[in-house]
Amino acid sequence: MNISHFDLNTLRLFVTAADCKSLTRTAEISSITLSAVSKRISELERNVNCQLFVRQPRGLELTTAGLGLLRHARALLDNVNSMASELNDYARGAIGHVRIGANVSAVIQFLPEDLAAFFQSNPGIKIYLEEALSDAIVDSIDSGRVDIGIFADNVDATALRTFPWRQDRLVLLVPTAHPLAMHNEIWFEDTLAWDYVALNQGSSLLRRITDTAASVGRLLKVSIQVTSFDAVCRMIQAGLGIGILPLNAITPALLGTSLKAITLKDEWSQRTLRIGINAKKKLHPEASKLLDFLMGVPESVFTKRS
């Protein structure tokens with residue numbers, strides 16, 4: 001296989017065809033003739049020496065080889081688009097780019113205010129922020145895909161250089177009509193008789209509470225799992241269970257009306273978010289400037305929700 005035979009336009013056509021499952025629709029979207037699309041796809045199949053699509057009466061179906069190529073083609077095109085966007089920023093006067101990976105707790109509670117303050121004094125630096133699970137962020141730092149990562153303190157980050165950043169407080173969230181709503185503070189173990197609304201598998205918060213339940217010989221009974229803090233609140237509000245969230249991630253309007261936040265007595269409810277960087281690579285100047293800013297911003301500068 002000669003990789004020099006690959007071209008971006010053909011890969012874009014392939015991805016469009018995989019999404020549309022139709023050469024006719026691909027031709028319409030791409031504003032070229034159907035015969036040209038068919039020729040490009042056939043040439044791509046000859047180049048990779050694999051059949052990429054099975055032609056069905058009602059459209060296209062990817063083969064196993066096609067699924068593999070689709071994964072790589074998407075990643076390649078994403079990188080090309082990112083490159084073009086970054087170069088365009090430089091052409092318009094940007095002086096540098098910083099890539100950050102952050103978990104949802106950091107994104108919701110702290111980063112909006114911090115980054116807004118940073119931009120005020122550094123308008124020429126562009127920041128790409130990617131929200132991800134804490135484990136994935138650690139991997140992204142280690143691989144060099146992001147410059148700076150922010151993650152929970154219960155993930156393995158021994159390969160990185162890390163710094164304590166911010167603390168947040170985890171609370172038990174219940175409907176105001178729930179039997180536990182009579183409490184103002186409670187031990188986590190005393191909540192395990194009830195069903196929980198939880199984040200999806202892989203979240204550091206879910207791991208924290210399931211590991212804690214297991215440490216006292218109990219199981220966390222999860223009735224439903226969702227992908228965001230807002231969704232957790234909505235499900236609890238609907239009576240589908242109770243949950244544990246950072247206090248500052250709960251919409252203030254919900255507290256006291258339909259939901260109650262109960263203080264957890266457990267020491268682990270005071271959680272530390274950490275900043276991590278690659279231990280083997282020196283940060284470029286713009287990333288170093290952002291790191292210094294994040295580490296030097298006192299929490300009292302910003303008004304927190306409570």
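Mentor: Cys233 is buried, at a relative accessible area of 1%, while Cys20 is partly exposed at 26%. Buried means under 20% relative accessible area, exposed over 50%, and partly exposed in between, with a 1.4 Å probe and protein chains only. The number of disulfides is zero, a disulfide being a pair of cysteine sulfur atoms within 2.5 Å. This is a predicted model, in which local features need pLDDT of at least 70 and side-chain atom pairs count only at pLDDT 80 or more, while totals for chains, interfaces and linings use all residues. Residues are numbered from 1 along each chain as its sequence is written, and side-chain values use heavy atoms, with hydrogens and water left out.

Now the pocket. The largest pocket has a volume of about 290 Å³. A pocket is an open set of points on a 1 Å grid over the protein atoms alone, where a 1.4 Å probe fits, with protein on both sides within 12 Å along at least five of seven lines; lining residues have an atom within 4 Å of a point. The volume is the space filled by probe spheres set on the points, which are joined across faces, edges and corners.

α4 (64-91), β3 (96-102) and β4 each give at least two lining residues, and α4 has the largest share, with four. Helices (H or I, at least four residues) and strands (E, at least two) are DSSP runs, numbered from the N terminus. Among the lining residues are Asp78, Arg99, Tyr128 and Arg145.
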